[in-house]
Amino acid sequence: MNDTADLPEPDRIPGIPHPRETVRLFGQDAAERGFLAAWAEDRLHHGWLLRGPRGVGKATLAYRIARALIADGPTGGGGLFGPEPAQAPETLDMPADCPVAARIRAQSEPRLMVLRRSINDRGRLRTQITIDEVRGLRRFLGLSAADGGWRAVIVDAADEMNANAANGLLKLLEEPPARTVLLLVSHAPAALVPTIRSRCRSLD
């Protein structure tokens, strides 16, 4: 049983499924193709800024990317000349019985961390993402993936970080861990610290 099931979620729109529960995404084919092209060409940047107005599917796209990365698994088998490079997928769609998708829906996937506003001592949502959440992210990134596979971090929304949290995240973007992709959802990218924007590749 998930102890957080009854807590308010800052990244949920009342009355519709949460982005982690959403399988299909409409109208963002160009953004998906841009990410897949970078992956196929082995130019997978460590930081991605998903930009656009509220409600267009940025968080849903972030979860689709995270599912595909984590499900991609370890970096090939070890042969005479070392590991073979993994072939990038042609789509972000996952099979209906994908165990990674099931774990993400249950919020139990160990290679995904979601950075968002937390609950205060009174059981209410904080108004900002604080440095405490970023410290938790640093602990998560300090743990290595046992199978050498991808890890993903979703920041939703990056615009909600306070100054200390933004500076803490910037340090991670400047020294990114191996095989880790940070996906920053942003409704107002112009309000972000310029150095964070410069450290990320943008998807509109």
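Guide: Helices (H or I, at least four residues) and strands (E, at least two) are DSSP runs, numbered from the N terminus. This is a predicted model, in which local features need pLDDT of at least 70 and side-chain atom pairs count only at pLDDT 80 or more, while totals for chains, interfaces and linings use all residues. Residues are numbered from 1 along each chain as its sequence is written, and side-chain values use heavy atoms, with hydrogens and water left out.

Visitor: How many helices and strands does the protein chain have?

Guide: The protein chain has 6 helices and 7 strands. From the N terminus, their order is α-β-α-β-β-α-β-α-β-α-β-α-β. Of its 204 residues, 44% count as buried.

Visitor: How do I read the pairing of strands?

Guide: Strands of a sheet pair through backbone hydrogen bonds, either parallel or antiparallel. The rule used here is that two strands pair if DSSP finds at least two bridges between them. In this model, 5 strands form an open sheet in the order E4-E5-E6-E1-E7, with parallel pairing. E4 and strand E7 (201-203) stand at the edges with a single partner strand each, so one side of each has no neighbour in the sheet. Neighbouring strands are turned by 20 degrees against each other on average, direction ignored. Axes for such angles are lines fitted to C-alpha atoms, for helices over the stretch in contact, and angles run from 0 to 180 degrees between N-to-C directions.

Visitor: Which residues stand opposite each other?

Guide: Let us cross the sheet. Strand E4 (residues 112-115) pairs with E5 over 4 bridges, and Met 113 stands opposite Val 153. The chain gets from E5 to E6 through helix H5 (residues 163-174), in a right-handed β-α-β crossover. Right-handed means that, with the strands pointing away from the viewer, the path from the first strand over the helix to the second runs clockwise. Strand E1 (residues 47-51) pairs with E6 over 5 bridges: Trp 48 has Leu 183 as its bridge partner, and Leu 50 stands opposite Val 185.

Visitor: How are aromatic rings described?

Guide: A pair of aromatic rings is described by the distance of the centres and the angle of the planes. Rings of Phe, Tyr and Trp (its six-membered ring) pair if their centres lie within 6.5 Å; planes under 30 degrees apart are stacked, over 60 edge-to-face, and the rest tilted. The count here is 2 aromatic pairs. Phe 35 and Trp 39 make an edge-to-face pair, 6.0 Å centre to centre with 75 degrees between the planes. Both lie in helix H1 (residues 29-40), 4 residues apart, about one turn of the helix, and both are buried. With Trp 48, they form one aromatic cluster.

Visitor: Which ring does the charged end of Arg 151 sit over?

Guide: A charge sits over a ring if NZ of Lys or CZ of Arg is within 6 Å of the ring centre and within 35 degrees of the ring normal. The charged end of Arg 151 sits over the ring of Phe 140, 6.0 Å from its centre. Arg 179 lies over the face of Trp 150, at 4.3 Å from the ring centre.

Terms used. Buried means under 20% relative accessible area, exposed over 50%, partly exposed in between (1.4 Å probe, protein chains only).
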